[in-house]
Amino acid sequence: MKPVIVVHGGAGRIFKEREEGSRTGVVRAALRGYGILKQGGSALDAVEEAVRSMEDDPHFNAGCGSVLNEKGEVEMDAIIMDGKNLDSGAVSAVKCIANPIKLARLVMEKTKHMLLTDRGAHLFAQAMGIPETPGEKLITERSRERWRNNLEPDSNPQEFQKDLGTVGAVAIDSEGNVACATSTGGLSNKLTGRVGDTACIGSGGYADNHSGATSTTGHGESIMKVVLARLILYHMEQGMSPEMAADTALDYMKTRVGGLGGVIVVDNSGEWAARFSTKQMSWATVKDDQIEICKYITSKKFCFNPL
């Protein structure tokens with residue numbers, strides 16, 4: 001099996017001044033993940049590394065760069081899933097953690113649970129030796145300014161949600177195993193303790209070797225209502241291609257609950273898709289040592305040596 005990785009940096013509207021940073025960020029993440037696959041590494045390791053790369057990039061709404069809740073604090077969600085055995089780990093409403101995706105994987109591998117939240121997740125991180133990152137170090141000036149603007153009496157928070165950058169990755173490795181990972185800072189000025197789709201298995205992501213893997217982005221409450229990630233794999237199990245399954249599920253979410261979003265998908269034969277119902281979505285994929293980049297910037301393909 002030839003390995004494949006697809007990453008996304010969020011669906012919505014990508015402002016002109018952020019296009020280059022978003023493009024560079026998803027390319028870097030895809031290359032890092034593919035480098036692991038190229039050396040015979042697992043899909044699970046590849047998606048974790050790709051998402052960690054974007055969590056460390058302030059252009060995205062995950063890790064450093066996360067948006068702020070109503071109190072001006074960072075609260076993050078993340079999920080990772082192994083398609084080989086359907087094991088999954090997730091965290092929600094976590095603070096002072098630079099890479100929530102790493103903590104999500106530890107939940108999967110070191111506990112009997114699938115989801116830890118808030119203080120419980122914090123205590124678990126301490127027990128696992130994950131260093132605490134001061135909350136201020138996760139806050140960018142852009143996130144702070146967005147938070148302040150949303151506090152104004154005449155503000156329109158919905159307008160400022162359009163360029164959010166939830167991140168995710170899906171991959172298939174040389175052994176034919178698939179995996180997914182998704183991470184986010186959520187919605188700007190959200191209620192304290194709000195958890196969106198990202199940490200919810202079947203909504204923010206799903207992976208199953210019998211069909212494929214997907215990671216979602218967009219309006220979290222809408223994604224949860226239709227269980228978007230699992231819905232896409234269901235359509236694939238009925239014989240649809242990744243692209244058709246993604247479009248069908250996104251169309252259903254739009255018509256049924258008025259929600260917009262985006263998805264990346266890889267099936268168990270290595271076919272992939274990156275589809276969205278929003279204005280734009282940053283994404284990149286690597287297959288056969290070729291990278292393809294989101295078409296809102298460029299559709300150019302080129303060869304490279306990732307090692």
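A polar contact here is a pair of N or O atoms within 3.5 Å; within protein, one must be able to donate a hydrogen and the other to accept it, and residues adjacent in sequence count only if both atoms are side-chain atoms. This is a predicted model, where local features need pLDDT of at least 70, side-chain atom pairs count only at pLDDT 80 or more, and totals for chains, interfaces and linings use all residues. Residues are numbered from 1 along each chain as its sequence is written, and side-chain values use heavy atoms, with hydrogens and water left out.

Let's start with Asp-173. You'll find Asp-173 in the loop between strand S5 (167-172) and strand S6 (178-184); strands (E, at least two residues) and helices (H or I, at least four) are DSSP runs, numbered from the N terminus. Asp-173 is buried, at 3% relative accessible area, and buried means under 20% (1.4 Å probe, protein chains only).

| Side chain | Backbone nitrogen reached | Distance |
|---|---|---|
| Asp-173 | Glu-175 | 3.0 Å |
| Asp-173 | Asn-177 | 3.0 Å |

Leaving aside residues up to four places away in sequence, Asp-173 touches Met-1, Pro-3, Leu-37, Gly-41, Ser-42 and Ala-43, with contact meaning heavy atoms within 4.5 Å.

Now for a sheet. Four strands form an open sheet in the order S7-S8-S9-S10, with antiparallel pairing; two strands pair if DSSP finds at least two bridges between them. S7 (205-208) and S10 (272-276) are at the edges with a single partner strand each, so one side of each has no neighbour in the sheet. S7 and S8 (residues 212-218) pair over 4 bridges, and Gly-205 stands opposite Ser-215 in S8.

Technical notes. Buried means under 20% relative accessible area, exposed over 50%, partly exposed in between (1.4 Å probe, protein chains only).
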